[in-house]
Amino acid sequence: TYPSRAGWETALWGLLLTTVLTAYAAFVVHHRAGLEARTAELRTTLYSIGDGVITTDTLGRVQKMNPVAEHLTGWAETDAVGEHLDAVFRSVNESTRGPVPNPVEQVLREGVNAEPANSTVLIARDGTERPIVDNAAAIRDEHGGVTGVVLVFSDQTRRKQAEANLRKLSRTIEQAPLSVVITDLSGAIEYVNPKFCEVTGYTTDELRG
């Protein structure tokens with residue numbers, strides 16, 4: 001005997017359902033593999049950046065830290081995750097020693113990127129202090145909604161030391177008992193110290209260029 005029409009329709013719908021479910025399962029597996037690959041790529045990028053990077057959720061709690069951030073803050077990522085940023089990223093104004101506005105809170109409150117802050121000192125977990133420059137930006141999903149904040153900061157110790165050395169050298173030249181003149185490659189005068197003006201009788205404005 002041949003199957004009834006209802007039997008054929010049932011078998012056909014069963015085959016169609018099986019095909020759809022198989023295709024959907026393959027799509028989920030492929031999508032998950034792609035997502036995992038992108039996540040691994042982003043993680044590799046995060047952990048390779050030469051600046052300190054900390055990501056937070058919308059409550060300001062630490063989600064990820066790269067090795068540079070661990071070194072500068074003195075916090076291991078495993079200890080910092082889940083902690084509020086204020087506990088991990090302690091900063092004060094270099095001159096006043098007063099607290100510096102939390103850049104992550106500014107981003108979450110105003111919805112705009114926080115501008116780089118100057119004269120900021122980061123206090124590590126062990127009390128070590130380092131001058132830094134930092135800025136923060138919102139992390140957004142595909143719909144534009146804020147899902148967290150990324151904070152990027154860098155150690156400015158060498159730059160500050162170089163600036164201090166330059167200021168010291170400048171004072172030394174200004175007070176030198178010998179004439180000092182600096183020119184560009186064409187020989188045009190760019191700088192003279194007071195002693196040079198005293199010896200030649202020219203003013204700085206007359207000599208420059």
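Biologist: In what sense do S1 and S2 pair, and how many residues lie between them in the hairpin?

Modeller: In this predicted model, S1 and S2 pair in the antiparallel sense over 3 bridges. Within S2, methionine 65 is the bridge partner of isoleucine 54. The turn of the hairpin includes glycine 60, which has a positive phi of about 80 degrees. The number of residues between S1 and S2 is 5.

Biologist: Which residue in S6 stands opposite valine 53?

Modeller: S1 also pairs with S6, in the antiparallel sense and over 5 bridges. The residue of S6 opposite valine 53 is valine 152.

Biologist: Is strand S1 enclosed or open, and how many of its residues are buried?

Modeller: Gly52, Ile54 and Thr56 point one way from S1, and Val53 and Thr55 point the other way. Both sets are buried. The strand is therefore largely enclosed by the rest of the structure, the count of buried residues in S1 being 5 of the 5.

Biologist: Which residues touch the most other members of the largest nonpolar core?

Modeller: In soluble globular proteins, nonpolar side chains tend to be buried together. Here the largest nonpolar core has 20 residues, and the elements giving two or more residues to this core include strand S2 (62–65), helix H4 (85–88) and strand S6 (146–155). Isoleucine 54 touches Val62, Met65, Leu85, Phe89, Leu151 and Phe153, among others, with residues up to four places away in sequence not counted. The members that touch the most others are Ile54, Val62, Met65, Leu85, Phe89, Leu151 and Phe153.

Biologist: What arc do the buried residues Pro103, Val104 and Val107 cover around the axis of H5?

Modeller: Pro103, Val104 and Val107 are buried in H5. They lie on the same side of H5, because the arc they cover around the axis is only 105 degrees.

Biologist: Which residue follows H5, and which side chain reaches a backbone nitrogen at its start?

Modeller: At the start of H5, the backbone nitrogen of valine 104 has a side-chain oxygen within 2.8 Å, and this oxygen belongs to asparagine 102. The residue that follows H5 has a positive phi, near 75 degrees, and is glycine 111.

Biologist: Is glutamine 156 buried or exposed, and what is its relative accessible area?

Modeller: Glutamine 156 lies in the loop between S6 and helix H6 (157–174). Its side chain makes a polar contact of 2.9 Å with that of serine 154, and glutamine 156 is also in contact with Pro131, Ile132 and Val133, its neighbours within four places in sequence being left aside. Buried means under 20% relative accessible area. Glutamine 156 is therefore buried, with a relative accessible area of 12%.

Key:
Residues numbered from 1 in each chain as written. Predicted model: local features only at pLDDT ≥ 70, side-chain atom pairs only at ≥ 80, totals over all residues. Heavy atoms only, no water. Core = buried A, V, L, I, M, F, W, Y, C linked by side-chain atoms within 4.5 Å. Buried < 20%, exposed > 50% of the residue type's maximum accessible area, 1.4 Å probe, protein only. Helix = DSSP H or I, 4+ residues; strand = E, 2+ residues; numbered from the N terminus. Contact = heavy atoms within 4.5 Å. Polar contact = N/O pair within 3.5 Å; in protein donor to acceptor, adjacent residues only side chain to side chain. Pairing = 2+ DSSP bridges. Arc of directions from axis to C-beta.
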